[in-house]
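Reader: Please present the structure, and then let us discuss how its parts meet.

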Protein chains: 2
Amino acid sequence: MNELKQLIFVGLGLNDEKGISLRGLEETQNADMAFMELYTNLLPDFSLHHFEGLAGKKIDVLSRSNLEEENGKTILNAAEKGNVVLLVPGDPFVATTHVALRIEAEKRGIKTRIVHGASAISAVIGVVGLHNYKFGKTVTVPFSENSSETPYNVIAQNRTLGLHTLCLLDLKADEDRFLSVNEGIEQLLRMEEKKRKGIFNPETLVVGVARVGSVNPTVKADYAEKLRGYDFGGPPQSLIVPGELHFMEVEALIRFAGAPEKLRGVSR
Amino acid sequence: MNELKQLIFVGLGLNDEKGISLRGLEETQNADMAFMELYTNLLPDFSLHHFEGLAGKKIDVLSRSNLEEENGKTILNAAEKGNVVLLVPGDPFVATTHVALRIEAEKRGIKTRIVHGASAISAVIGVVGLHNYKFGKTVTVPFSENSSETPYNVIAQNRTLGLHTLCLLDLKADEDRFLSVNEGIEQLLRMEEKKRKGIFNPETLVVGVARVGSVNPTVKADYAEKLRGYDFGGPPQSLIVPGELHFMEVEALIRFAGAPEKLRGVSR
């Protein structure tokens with residue numbers, strides 16, 4: 001056992017076992033024990049077998065109930081005895097899921113550190129070529145059984161300010177359920193029919209992104225009525241509802257996302 | 001020469017040569033030519049010599065004028081002949097600097113791809129334990145010779161909506177100049193004296209972060225009057241001005257950023 005007693009949260013980055021940073025892999029190789037959760041986000045091409053080969057050790061994959069219902073006791077008990085890593089998809093604290101675990105560790109006197117990874121939050125915005133500082137609040141579109149007015153209201157608020165909205169689409173990776181761009185658009189169109197504020201119509205420009213960080217992401221910009229039936233392929237998927245567009249953003253959407261050429265002329 | 005003609009933008013992630021993903025290093029190893037820029041962001045512990053050892057090849061480090069004034073011709077000409085990578089600090093398209101280069105490549109029929117990296121945008125928010133979806137628009141605080149009302153106005157707008165503001169602090173890595181948390185706070189206090197909207201006072205809670213992604217980041221939350229003189233150490237640095245705080249966010253700020261205990265009781 002290493003004499004260090006600590007819990008290191010390591011980001012797995014995007015898509016597959018090669019999304020992790022060199023530092024993250026090194027910390028995993030050096031750890032006394034390595035845990036992983038694969039339910040807060042989906043890494044579609046991830047191979048546990050291959051990753052264990054790279055890490056040179058067995059990885060203990062924890063379920064949602066291991067981590068949440070037991071307050072992460074398994075991990076905390078291990079971290080009180082040695083050097084432990086918890087591997088998390090993306091950048092470890094973009095989802096708020098593990099903040100409680102980190103607080104509990106610090107309360108117990110366990111040192112915590114973070115090795116960051118690439119996150120869909122910055123990747124989705126980057127791959128479509130929109131400007132990061134022109135985004136307002138981010139929102140998650142829930143599954144339709146939990147349908148809520150929040151996404152519509154956040155888009156409305158951001159548009160009033162001329163800002164873009166990044167809409168994450170809900171997923172339960174452990175149940176193999178994910179919301180598609182198509183379903184996200186349908187939900188927003190239904191909300192428009194109910195609220196009638198003119199925020200999200202069939203003529204609204206939207207951008208859909210699937211499998212960001214893979215070698216074949218699908219990136220497509222078009223009007224909602226076109227994209228509601230567009231085939232984005234497998235998960236994970238995200239949706240962007242643009243606000244006011246700078247002319248460079250219009251060029252980017254046309255070049256990188258196949259947006260309609262007639263968008264030229266609506267930019268500022 | 002590889003028969004592929006493409007330009008791959010590869011994120012270097014944070015802090016040092018081990019911030020890159022395994023995929024990013026692999027693409028660099030396989031490239032016919034590898035370029036790098038280190039001026040859009042600062043990787044304080046980056047060793048080019050060590051990175052070239054990992055990549056197994058010489059890396060051509062380009063200056064701002066190579067890339068911007070010549071419209072990236074060096075890179076585009078290389079990518080018309082083979083498989084080229086451009087290594088960029090962080091996640092390659094969080095800064096908008098290289099969007100024009102990617103558009104130009106696509107215009108010339110050069111295929112482009114992105115290998116994402118960890119970005120300060122998600123890392124700074126994660127390391128302090130605040131909730132990503134409670135942030136409004138991000139803003140950059142410029143050097144004082146370019147002082148502008150924009151940061152103050154963005155913070156005001158976000159606070160009206162109860163939202164946190166991530167303030168990036170300007171830097172010119174190629175001139176070894178960077179704005180500190182201390183200077184950012186001073187600028188905002190001066191703007192308050194001018195505008196008097198009660199947005200940013202000596203009693204305003206702020207969070208400063210330095211060297212995110214390193215093994216010894218400085219993370220400190222306190223009132224502006226306290227942090228204006230706090231020693232954050234070396235760059236890069238960022239500033240967060242919180243809006244309304246959830247009680248879990250308060251706990252996180254106390255545990256991870258040494259915020260005053262009396263914050264308990266102001267959360268929602």
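Author: A salt bridge is a side-chain nitrogen of Lys or Arg within 4 Å of a carboxyl oxygen of Asp or Glu. This is a predicted model, in which local features need pLDDT of at least 70 and side-chain atom pairs count only at pLDDT 80 or more, while totals for chains, interfaces and linings use all residues. Residues are numbered from 1 along each chain as its sequence is written, chains are lettered from A in the order in which they are written, and side-chain values use heavy atoms, without hydrogens and water.

Reader: How many salt bridges does the rule find across the interface of chain A and chain B?

Author: One of the pairs joins A:E26 to B:K18, with the closest N and O atoms 2.7 Å apart. Across the interface of chain A and chain B, the rule gives a total of 4 salt bridges.

Reader: What area is buried between chain A and chain B?

Author: Contact (heavy atoms within 4.5 Å) involves 52 residues of chain A and 52 residues of chain B. Buried area is the accessible area (1.4 Å probe) that two parts lose on being put together, summed over both. Carbon and sulfur atoms give 65% of the area between chain A and chain B, which is about 4,500 Å².

Reader: How are α7(A) and α8(A) oriented to each other?

Author: The axes, lines fitted to C-alpha atoms over the stretch in contact, with angles from 0 to 180 degrees between N-to-C directions, come within 9 Å and cross at roughly 80°. Angles of 65 to 115 degrees count as roughly perpendicular, under 35 as roughly parallel, over 145 as roughly antiparallel and the rest as oblique. The two helices, α7(A) and α8(A), are therefore roughly perpendicular.

Methods: Helix = DSSP H or I, 4+ residues; strand = E, 2+ residues; numbered from the N terminus.
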